[in-house]
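Colleague: I would like to learn how to read the contacts in a structure. Could we go through one together?

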Amino acid sequence: MMPSKKKQIIVSGIQPTGPLHIGNYAGAVQNWLALQNDPSLDCYFFIADYHSITENYEPEEKRAQIMDLALDLLACGIDPQKSTFFVQSDVAEHTELCWVFNTVTPISFLERMTQFKDKASRQEKNVNMGLFDYPVLQSADILLYKGELVPVGVDQVQHVELTRDIARFFNNKFGEYFPETKPKLTNAPKLLSLTDPLKKMSKSLGEKSYIALTDSPEVIETKLKRAVTETTGVLPPKMTMEKFTEWNVTQPEEIRRGYAGVWNLFDMLHLVGASDEVERITAAQPIKYGELKTLVAKRLGEHFAEFRKRREVLAKNPTEVRAMLDQGAEKARAVASKTMEEVRKIIGVR
Ligand code: ADP
Ligand code: TRP
C-alpha cells in the first residue's frame, strides 16, 4: 500500500466585528468553502474574538457578534464535519504561543505593519499593546496548527509574511520546528464600498457601504439604489474588465470613483455567476444605471436566498450551534496542546 500523504494544513480566521458582507464572502469565505471540500487538505477556520477586542467595542455586544458570525459562516456552508471550526478564545494555547513568539519578534518588524498604523490612526485614544501585538497573535493562530496555507484577502498578506519571519526566527534560535507559511488569495476581485468605491467594502465604513449576507432583498435594493456610479452611462471605449483598473488610475478622482462604482456592480454580477448579464449590458450602451442596480439587487437577493433560509433555521438552535463550536474547540485543542507541549520542551522551560 502507498504511504498516505500528509495533508496540507489550512488555517484562517475572521474577526467578529459585524455582519459578514459580500466582500468577505468574495475575498475569503468562498475560498474556505472550496478548500474544505478538498480531501487532501486539513482545514482550521475560527472566529478571531481575541483579535477583535483590540478595537473599541461594547463588551455586552461581543457575545452576540461571535454567535452571529458563527451563524453566518455555518449558513454559508462551513461544515464542522469537514473543517475544524471554533472560537479562538476557547483554545488558550493561541495566547500562550503568542507569548513565546513575542520573545523572538523584533519590535521593528511590528512597527512596519500597515494595518497597525492604519488602525492606530483610527483609534488614537486606544492605541493599546494588543493592537500592536495583533500580528504576533495571528502568527500563533496559524503556527499552532503548523498552518502552511492561509486563505485571506490581499490586506492580510503582510501579516502572513510576518508569520513566516517569526517561524524563521524561532527555528533559527531553537532548531527547525515550524513550517513556512504562505498566503492563498482568491481570484475574486476586491469588492468596493458602495458609498465610496475608491475604498474597499468594509464593516468599518458603516452599514450603507456594504451588503451583508443577511440583508433582505429590499435592503439590498435600497443600498444599491444609493450606490455611487458615474452618470453618463457610457463606458470608455474597448474597455475590458482586465484593462479597467489600468485605465481608471489615470483619471481624475471623481471620474475614478464613479467608474469604480460601476465596475463594482459588474463584479457583483460575476460573483453570483451572472457574467452573461455583464456582457449583455456593456454591449447596449448607454447603460441605465437604475435598471442595472435593480438587476444586481435581484441577483444578489436570489443568490443568498438559500443562505438566509439556512441561517434562520440555525438561529433557532443556538444551543446546537454552541455545541458545534465546543466540539470544534475540542478538536483544535487536541492539536494545539500537543504543539505547546513540544514548544515548552524546545524552548527549555520543561
Ligand atoms: P472588514 O474590513 O469588513 O472588517 P475583515 O478585516 O474582517 O473585513 O476581513 C475578513 C476577511 O475578508 C479577510 O480575509 C479580508 O481580506 C477579506 N475581505 C475584507 N473585505 C474585503 C473586500 N472588500 N473584498 C474582498 N475581500 C475582503
Ligand atoms: N487579521 C485577520 C483579519 O482581520 C483575522 C485573523 C486573525 C486571521 N487570525 C488569523 C486570518 C489567522 C488568517 C489567519 O481578517
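Modeller: We start with a definition: a salt bridge is a side-chain nitrogen of Lys or Arg within 4 Å of a carboxyl oxygen of Asp or Glu. In this structure, which is a predicted model, Asp-196, Lys-199, Glu-253, Glu-254 and Arg-257 are linked in a network of such bridges.

Colleague: How many salt bridges does a search of the whole structure find?

Modeller: The search finds 23. One of them joins the side chains of Arg-322 and Asp-90, with N and O 2.7 Å apart.

Colleague: Which parts does the pair Arg-322 and Asp-90 tie together?

Modeller: Arg-322 lies in helix α15, and Asp-90 lies in the loop between β3 and α4, so the pair links parts that are 232 residues apart in sequence.

Colleague: What about bridges inside a helix?

Modeller: Look at how far apart the partners are in sequence. Arg-280 forms a salt bridge with Glu-277, the closest N and O atoms being 2.8 Å apart. These two residues are three apart in helix α12, which separates them by about one helical turn. Glu-277 is buried, with a relative accessible area of 10%.

Helix α13 gives another case: Glu-302 and Lys-298 lie four residues apart there, about one turn of the helix. Their side chains meet in a salt bridge of 3.3 Å, N to O. Glu-302 is partly exposed at 43%.

Colleague: Now the ligands. Which residues are the closest to ligand 1?

Modeller: The closest are His-21, Asp-155, Leu-191, Ser-202 and Lys-203, out of 14 that surround ligand 1. An oxygen atom of ligand 1 is 2.8 Å from a polar backbone atom of Lys-203. Taken alone, ligand 1 exposes 540 Å², and the protein buries 91% of that.

Colleague: Which atoms of Tyr-134 and Gln-138 lie by ligand 2?

Modeller: Polar side-chain atoms. The one of Tyr-134 lies 2.7 Å from a nitrogen atom of ligand 2, and the one of Gln-138 lies 2.9 Å from a nitrogen atom of this ligand. Ligand 2 alone exposes 370 Å², of which the protein buries 91%.

Colleague: Which element gives the largest share of the shell around ligand 2?

Modeller: Helix α7 does, with four residues. By class, that shell has six nonpolar residues, six polar and one charged.

Terms used
Residues are numbered from 1 along each chain as its sequence is written. Chains are lettered from A and ligands numbered from 1 in the order in which they are written. This is a predicted model: local features need pLDDT of at least 70, side-chain atom pairs count only at pLDDT 80 or more; totals for chains, interfaces and linings use all residues. Side-chain values use heavy atoms; hydrogens and water are left out. A residue is near a molecule or strand if one of its heavy atoms lies within 4 Å of it. A polar contact is a pair of N or O atoms within 3.5 Å; within protein, one must be able to donate a hydrogen and the other to accept it, and residues adjacent in sequence count only if both atoms are side-chain atoms. Accessible areas come from the Shrake-Rupley method with a 1.4 Å probe; for residues, only the protein chains shown count as cover. Ala, Val, Leu, Ile, Met, Phe, Trp, Tyr, Cys and Pro count as nonpolar, Asp, Glu, Lys and Arg as charged, and the others, Gly among them, as polar. Buried means under 20% relative accessible area, exposed over 50%, partly exposed in between (1.4 Å probe, protein chains only).
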